[in-house]
Amino acid sequence: MKPFAHIIKKELTEIFRDKRTLMTMFVIPIMLFPILLTVMVKTTQYFNDEANSKTLIIGFEVDDMEHPIVKNLMEVTLADSLVVLRPTVGVDEGKELIQKDSIHGFLELNASSGKELLMVWHKGTELEIADRITKNIDKVKQAMIETQLQALNIKSEDVSGFEYQMTPTASPQEMVGKLAGGFLPYVFIAFAFLGCMYPAIDLFTGEKERGTIETLLTAPIARWQILFGKMSVVVLSGLLAAMLSLLGLYISMNTLDLVQDPALLTVVKSILTAKFIFTLFALQLPLTIFIAGILIPLAIYAKSFKEAQSIITPLNIVIVLPAVIGFLPGIELNYTTAMVPVINIVLATKELAAGTLDYVYLAISAGVMCAIAALAVFISYKQFEKETNVLM
């Protein structure tokens, strides 16, 4: 084991001398999330506030000015200084004004179907504006219903039928974990890939370019020890980058007041326990070995750093794409999905965050990932054994 340890020490020294790798492993994972989340939250809040403070202009045909719907809308909007009604000549003019952003919505009354239908035209690309129009129309509808009930001398509470209350049986952790748990594996896979990529290129393609690989191969060390020593450093770099990215996410949520709901923040903190982190690490270890086992043969095959980057970078999409499965509703971890590589780890992480992980599925998922990780290591070994690949 002594030669193996020497290889690891040598490669770690090389890694920590490379500024690009240090940026990928330490600076970017920790700094990216606080900056990214702050920008996203503040930007979303700014545009929401801007949309809600914008004066809402709703058009209608001049001929419909005495219509009950329009008259009620006028009464409802009198109390709202941010809503303005604008009469127009016709529907065509209304649509044209919407496209020009002169008005935000247009009301078209249509009674041809036997029951009066209110067509509400809007641009469709501004969701906040459409939501505000809908709320105002709902107020009008409710006001007209109240008027009709009063004319019949009926109280609205007498015709409400029944009341209902939606009560979830899932715990707060399960609800948060199911909704947001798919984000964790996405983060982990993305940064594990980046953390593995630059060390893999530098420790294999870089050594070929520098001409130091020949010297290393003449040392009295078995070739598999050289490969495993280098691979251990690549895997360690990937795990470190991924874990630091989660640390950056945790720091940003605790220090930047991005989560406004104290109850939600308490649930998030309850999820990020020592047991959760340890199990997450155990889940992601074979996945990171698999990623390293894919990248290393490509890095061995490439003749230059630039060629290695051009080959490996597009692979990021292929590796990260299964993580999108974690965001899709209705896809659960079962015997079938536990057999699908990468997707099984994504779904297992989601179940882990929700606190509903079945350890039978966990064992199957871990077994499948260990098997394909071993296969990836074997492919790396076979590639490293070929002199034509190692020597330029």
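How many bridges join β3 and strand β4 (residues 117-122), and in which sense do the two pair?

Modeller: There are six bridges between β3 and β4, and the sense is antiparallel. Pairing here requires at least two DSSP bridges between two strands. Helices (H or I, at least four residues) and strands (E, at least two) are DSSP runs, numbered from the N terminus. The model is predicted: local features need pLDDT of at least 70, side-chain atom pairs need 80 or more, and totals for chains, interfaces and linings use all residues. Numbering starts from 1 along each chain, and side-chain values use heavy atoms, without hydrogens or water.

Look along the β3-β4 pairing. Phe106 faces Trp121 of β4. On to β1 (residues 56-61). That strand runs parallel to β3, and three bridges join them. Find Phe60 there; its bridge partner in β3 is Leu107.

Now the whole sheet. It is open, has four strands in the order β2-β1-β3-β4, and its pairing is mixed. Strands β2 (83-88) and β4 are the edges. Each has a single partner strand, so one side of each has no neighbour in the sheet. On average, neighbouring strands are turned by 25° against each other, with direction ignored.

How enclosed is β3? Strand β3 spans residues 105-110, and five of its six residues are buried, so the rest of the structure largely encloses it. Buried means under 20% relative accessible area, exposed over 50%, and partly exposed in between (1.4 Å probe, protein chains only).

Helix α4 (residues 91-99) packs on it and touches β1, β2, β3 and β4. The direction of α4 makes about 160° with that of β3. Helix α5 (residues 127-151) lies across β1, β2, β3 and β4 as well, and runs at about 155° to β4. Axes are lines fitted to C-alpha atoms (for helices, over the stretch in contact), and angles run from 0 to 180 degrees between N-to-C directions.

Next, some features further along the chain. Helices α11 (residues 274-301) and α14 (residues 343-354) pack at about 180°, their axes 11 Å apart. They are therefore roughly antiparallel (over 145 degrees; under 35 is roughly parallel, 65 to 115 roughly perpendicular, the rest oblique). From α11, the contact (heavy atoms within 4.5 Å) includes Phe276, Leu280 and Leu287. From α14, it includes Ile345, Ala348 and Leu352.

Ala308 sits in helix α12 (residues 305-312). Its relative accessible area is 0%, so Ala308 counts as buried. Beyond its neighbours within four places in sequence, Ala308 touches Ile201, Thr205 and Ala302. Leu295 is 13 residues away in sequence, and 9.3 Å away C-alpha to C-alpha.

Last, the rings. A search of the whole structure gives one aromatic pair. Rings of Phe, Tyr and Trp (its six-membered ring) pair if their centres lie within 6.5 Å; planes under 30 degrees apart are stacked, over 60 edge-to-face, the rest tilted. Tyr335 is in the loop between α13 (315-320) and α14, while Tyr361 is in helix α15 (residues 359-385), 26 residues apart. Tyr335 is exposed, at 52% relative accessible area. Tyr361 is buried, at 17%.
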